[in-house]
Amino acid sequence: MHNSIVLVKQVPDTSNISGQVMKEDGTVNRSKLPAIFNFEDKVALEFALQIKDRTGGKVTAITMGPPRASDILRECLYMGADDAYLITDRKFAGADTLATSYVLSEAVKKIGSFDFVFAGRQAIDGDTAQVGPQTAEKLGIPQITYAEEILDLEKECVRVKRKIDGGFEIVESKLPVLITVLKDAADPRPLSAKRLMAYKGAKSLLELEKLVEGNPLLYIDKLMYEYKNRSLFIPTLTADDLQIDISRCGIKGSPTKVYEVESVVLAGSNPMRFENSKNGMSQLIDILLEDRILG
Amino acid sequence: MPNYFLDNPDVLFHFRNLDLKEITALAEDNYAQASQFNYAPTDYEDAMKNYEKVLEVVGDLSGNYIASRSADVDHEGAQFSEGHVQYAHGTQLNIKELSQADLMGMILPRKYGGLNFPFTIYMMSVELLSRADASLMNIFGLQDIGDTIRKFGSEDQRQEFLPKIAAGEHTGAMALTEPDAGSDLQAVKLQAYQDDEGKWFLRGVKRFITNGNAQVLLVLARSEAGTRDGRGLSLFVCHHDGTVKVRRIENKLGIHGSPTCELQFNDTPAQLIGTRRFGLIKYVLDLMYRARMGVSAQALGISQAAYEEALKYARERRQFGKTIYEIPVIANMLLDMRVLLESNRSLFYSATKCVDEKEKLEEFIEKRKAEKQPVSEETARLKQITKAANLLTPMTKYLLAEASNKITYDALQIHGGTGYMKEFHVEQLARDARITNIYEGTSQMQIVAASGGVVKDVLVEYFALKEKREYKGGLSRLATILKDIRALFLDSLKYVLDKKDTMFQDVAAKDLVEMYSYLYIGYLLLDEAEINERKVFIANRYIVNALASAQKNAAAIKGELFGDLLHADKILL
């Protein structure tokens, strides 16, 4: 039996970028982009679920994000996660990878015993690939990045195939361990119809508070009790719940500063023509090699 | 990333206008199951939300996964070697994902692991899935052999077979056809016999068995030695164990992902379903309602896919300095396809609802009878609904399968030469469509099945009510046309009946059934046009065209087109 915690993130769908998405100052206007489940995190969840299929245990998904990130937590429940936690607080806003990994590691500690922490290699909005490794560091556990496959799994040890330049290597680690996975490592399973119907009404504390706001007949405590009873409550952890050092959270705890934003427009310049012959092709290939586009 | 549920406004239109209140209440025991199963709905609104969410999953799987594997599945096909059948790689993945998504027992009760969904929602899923890969329907759609076991089998049999079907661990097949018993199932020979202890065994050969490699086989067999007709046949269920040999799989024109097997039963242990001698006359006939609707859904899915291909190609392909979409002749073809497609869908969901209601009422009545409650009111309604289902099921199968061939034909035509090439998807669709008007009863058999109700004019009261209704604005003109078609139909029917010539009646049946279908579909479209402005266009083209077709049908009957049948030997050199 192995318990897993999966770090998931809701990200703007950068594959659907339109004209209004970039603001004048070059930052992303998130409200114009649909929010989606970061794909590599879904693969990470699939890894955790496969471990559960193999040896049993529990899968818990957690995300740090705004209230609407509950959407992907529900998706985790539909796929098969046993529990899902929303880590949210205004004080967490504007966090870079250092502050994010601090909050996540504290949340992981709070949630409890685990054999694995899984995360996607990186999120498509930041592309840093730092949050996983930094979280492992703060938890004081080993990490295996760029995982492609879990090979052997024993009670206190795991063997993993990970991608490296030009090939792969097989590494072994004691448990607990944090593993970040690549997008091709597994196909996330489809949503289960039964779980979808069972958990479609799952709500986080903030969502329940919204319900109460619009309706004087509802009381938050009663509602929470009712949702918990029906296993439809998505637990929510705030800075207070985690009892953490606020100066290490959010924008305050983030040493990363944007130095300059450059708007790059990719357009062709200096078009060249090559004749349609063997000679022309050679010239073209030479230039491509020179510009390091080929080779 | 297309979702085949969310990207199809017409399917959404039908979903939103489905009134399943009564059906769902009957199926859900007035929502009593919610206390037992966390995925059971608490009320009608909750049930509809469930259906919508699950259809989104089906649409996502269909549009984003199954469709992308369809060409490979077609190319690779199911394989056969050393007595073993293997699905194409893509088919294996499809089944795995559909099982993971809990979709392999959609209409089975929850206590056996099913979703307890209305038949109509299941059929909508089959439509979405068939648009992605028609051959997959022949595996996915066979989950409803589980429904036959549920309805007519014993509790032990249900426990033995249903949970594994619902979990996707086992698939099913209906082994009915034999070399000498195709359309004529009364001629089935496969022998069922009992040993001294009363255990049943099967011996003989079945041919053209769709998904015959399945783990669970429903087999129609002759249990009464010495009999020759349908009353000597019983239905059996058995495991596909070592005594069942797949002798070969067929090399087919289309639906390559679906293995069509020849099966040899060598003293295979089997269990009787229900009562002896009821195999064909009760259980297979009951199963046929759903099986025919399943093939209709498959045909509809193929039609949708072909229409999409044609529209996309017409908008991209440039000739004479413009897209061919801008050429009126091509646009007119596309309009015809679209109207045929949408009218098919209206008929389809009206028919699935009718079958759905029939089945739910049957169960309700059984239950009430067991509780010794009065059922006279429900029985009267069931009688009416059964009449309608007996007409609509074969009519739907006939029209949708033929339409699927027509739409794929025209879609390929719009592609011109490229459509004939393997690189274009429309070629596969045209091949896949071709079987739909053959299996599960040929079109000719569907006409025979539908003609009984047509000749008796079973919808006479329904049409009378419709004729009395007032339709607003432009729709009143269309309502008048439908009255004209009704007059043409009654006139033709009288002509046929007055002749008292069964041969003439047989060949005229096709025209009569078609005329009847114009009326039924015409009124469905009129009703839709009342709530949706865009549908006025669909109703208009359909009904105006229907009048021309009805005139042709009537002329064929009254002009004695079929008189030369008596001289067939002289004409057919």
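This is a predicted model: local features need pLDDT of at least 70, side-chain atom pairs count only at pLDDT 80 or more; totals for chains, interfaces and linings use all residues.

Visitor: OK, chain A. How do strand 7 and strand 8 run, parallel or antiparallel?
Guide: Strand 7 (residues 143-153) and strand 8 (residues 157-164) of chain A run antiparallel. Five bridges join them.

Visitor: What do the two strands form?
Guide: Strand 7 and strand 8 of chain A form a hairpin, with three residues between them.

Visitor: Which residue is the bridge partner of Ala147(A)?
Guide: Ala147(A) has Arg162(A), in strand 8 of chain A, as its bridge partner.

Visitor: And how many bridges join strand 8 to strand 9 in chain A?
Guide: Eight bridges join strand 8 of chain A to strand 9 (residues 167-174). That pair runs antiparallel. One facing pair is Arg159(A) opposite Glu172(A) of strand 9.

Visitor: What's in the turn there?
Guide: Strand 8 and strand 9 of chain A make a hairpin with two residues between them. Gly166(A) sits in that turn, with a positive phi of about 75°.

Visitor: Switching to helices. At what angle do helix 6 and helix 7 of chain A cross?
Guide: Roughly 130°. Helix 6 spans residues 205-213 and helix 7 spans residues 220-229, and their axes come within 10 Å.

Visitor: Why call them oblique?
Guide: Angles over 145 degrees count as roughly antiparallel and 65 to 115 as roughly perpendicular, with oblique among the remaining classes. Helix 6 and helix 7 of chain A are therefore oblique to each other.

Visitor: Left-handed or right-handed crossing?
Guide: Right-handed, for helix 6 and helix 7 of chain A.

Visitor: Which residues make the contact?
Guide: Helix 6 of chain A brings Leu205(A), Leu208(A), Glu209(A), Leu211(A) and Val212(A). Helix 7 of chain A brings Ile220(A), Leu223(A), Met224(A) and Tyr227(A). By class, the residues of this contact are eight nonpolar, one charged and no polar.

Visitor: Now chain B. What domains does it have?
Guide: Domain 1 (1-170), domain 2 (172-277), domain 3 (284-456) and domain 4 (459-571).

Visitor: How many residues of domain 1 are in contact with domain 2 in chain B?
Guide: In chain B, 28 residues of domain 1 are in contact with 24 residues of domain 2. Helix 3 (44-76), helix 6 (134-140), helix 7 (145-152) and helix 8 (155-166) of chain B each supply at least two residues of the domain 1 side.

Visitor: What classes are on that side?
Guide: The side of domain 1 of chain B that touches domain 2 has 15 nonpolar, eleven polar and two charged residues.

Visitor: And how far apart are the C-alpha centres of those two domains of chain B?
Guide: The centres of domain 1 and domain 2 of chain B lie 25 Å apart.

Conventions:
Residues are numbered from 1 along each chain as its sequence is written. Chains are lettered from A and ligands numbered from 1 in the order in which they are written. Domain bounds come from an automatic or database domain assignment. Two residues are in contact if their C-beta atoms, placed from the backbone, lie within 7 Å. Helices (H or I, at least four residues) and strands (E, at least two) are DSSP runs, numbered from the N terminus. Ala, Val, Leu, Ile, Met, Phe, Trp, Tyr, Cys and Pro count as nonpolar, Asp, Glu, Lys and Arg as charged, and the others, Gly among them, as polar. Axes are lines fitted to C-alpha atoms, for helices over the stretch in contact, and angles run from 0 to 180 degrees between N-to-C directions. Angles under 35 degrees count as roughly parallel, over 145 as roughly antiparallel, 65 to 115 as roughly perpendicular and the rest as oblique. A crossing is left-handed if the near helix is turned anticlockwise from the far one by less than a right angle, and right-handed if clockwise. Two strands pair if DSSP finds at least two bridges between them.
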